[in-house]
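Please look at the sequence and the structure before reading on.

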Amino acid sequence: MRATVMYGAGDVRVEDVPDAALREPTDAVVRVLRSCICGSDLWPYGSMPASEHGQRMGHEFLGVVADTGAEVPGLRAGDLVVAPFVWADNTCDFCREGLQTSCRHGGLWGHDLDGGQGEAVRVPQAQGTLVKLPSGIGADSPLLPSLLTLSDVFCTGHHAAVTAGVGPRTTVTVIGDGAVGLCAVLAARRLGAERIALMGRHKERTDLGREFGAAEVIAERGAEGIERIRELTGGDGTHAVLECVGTREAIETALGAVRDGGVVSRVGAPQYSEVPMDFGTLMRNITLTGGVAPARAYIEELLPDVLGGTIEPGLVFDRTVGLEEVPDGYRAMASREALKVLIRP
Ligand SMILES: [Zn+2]
């Protein structure tokens, strides 16, 4: 079968790999219908040291079950399923606490496993990992892009809003107009946020942010951006700040834009190792939270809104490519020509 392999910075190839096949009784094989390129894939695309063996890519996919092992009683060939970006048994103590990303028997796609950016995937712990979608959704359904966002990007935006305690009396700043930031806006609106400001400077993206629920768009960064948020909030800052960029500058902006007693949540793949939470932030009672989104814990909750059309997170996809065009999809996302690239193998 064909699949995407990254060999180093800027070097993504689609090539022949061994067919996905059952290995354990708890496995399933899923034929991929839709996949995508993640903003987090762009970090290795920008900096991965050259490697002889390469790294299988893709951790967001939905598809049709092709085969199941003997210990996957809930699924059968032909079922349409979505996979969260971390696989898990969904039964251990961490999973029962809704922290499937810390599953005792789980792991990441692509590391010695198939990735989502290919024709098919061997899914370990298939019974716990895969979420079956209602029958009757066809292979060309316009719902597929939004259903695919449940794999990662919309759940990640939702996690930012949930961990920040966003609710009806919350004012929110979202930093970043990438796909995660836009999904965080949509998630904050879905949770009833009183007012949402989006910090970003790419007009097509911030326009979608307005459509998703942002009342204000702030193009300024750093101290000027903080000043704008403070002006909008009587000098105080917002109750919640969702940091969806992952740079040191973004977390500094977040700490400046948050109201005393407020919460900063960071999601995605932060590229800094230190957060400047000094005595001043202690005196302001700022909470820092966020983390990797346990998408598996959220999919069932978010699914009805996607199926019912109340929300359409799939609007973050602004380009569709076939599997052989995936390298160009990486290039387009890295150069910001595309916001998020959908793959149709
Ligand atoms: Zn588990």
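Val5 has Arg56 of β4 as its bridge partner. This is a predicted model, in which local features need pLDDT of at least 70, side-chain atom pairs count only at pLDDT 80 or more, and totals for chains, interfaces and linings use all residues. Residues are numbered from 1 along each chain as its sequence is written. Strands (E, at least two residues) and helices (H or I, at least four residues) are DSSP runs, numbered from the N terminus.

Strand β1 (residues 2-8) pairs with β4 in the antiparallel sense, over two bridges; two strands pair if DSSP finds at least two bridges between them. The open sheet has three strands in the order β2-β1-β4, with antiparallel pairing. Its edge strands, β2 (11-16) and β4 (55-56), each pair on one side only. Helix α12 (residues 326-334) packs on the sheet and touches β1 and β2, and its direction makes about 160° with that of β2. Axes are lines fitted to C-alpha atoms, for helices over the stretch in contact, and angles run from 0 to 180 degrees between N-to-C directions.

## Val326 in helix α12

Val326 lies in helix α12. Val326 counts as buried because 26 other C-beta atoms lie within 10 Å (buried: 20 or more such atoms within 10 Å; exposed: 12 or fewer; partly exposed: in between; C-beta atoms are placed from the backbone).

Leaving out residues up to four places away in sequence, Val326 touches Thr4, Val12, Val14, Gln117, Val321 and Ile343. Contact requires C-beta atoms, placed from the backbone, within 7 Å. Val326 and Val12 are 314 residues apart along the chain, and their C-alpha atoms are separated by 8.0 Å.

## The largest nonpolar core

How many residues does the largest nonpolar core have? It has 107, and Val174, Ala184 and Leu242 have the most contacts inside it. Such a core is a set of buried Ala, Val, Leu, Ile, Met, Phe, Trp, Tyr and Cys residues joined through C-beta atoms within 7 Å. Helix α6 (residues 179-190) gives the largest share of this core, nine residues. Domain 1 (2-152 + 294-344) and domain 2 (157-290) both give residues to this core, so it lies between them; the domain bounds come from an automatic or database domain assignment.

## A positive phi in a loop

Asn90 is not a glycine, yet has a positive phi of about 65°. Asn90 is found in the loop between β7 (86-87) and α2 (93-96).

How values were computed: Two residues are in contact if their C-beta atoms, placed from the backbone, lie within 7 Å.
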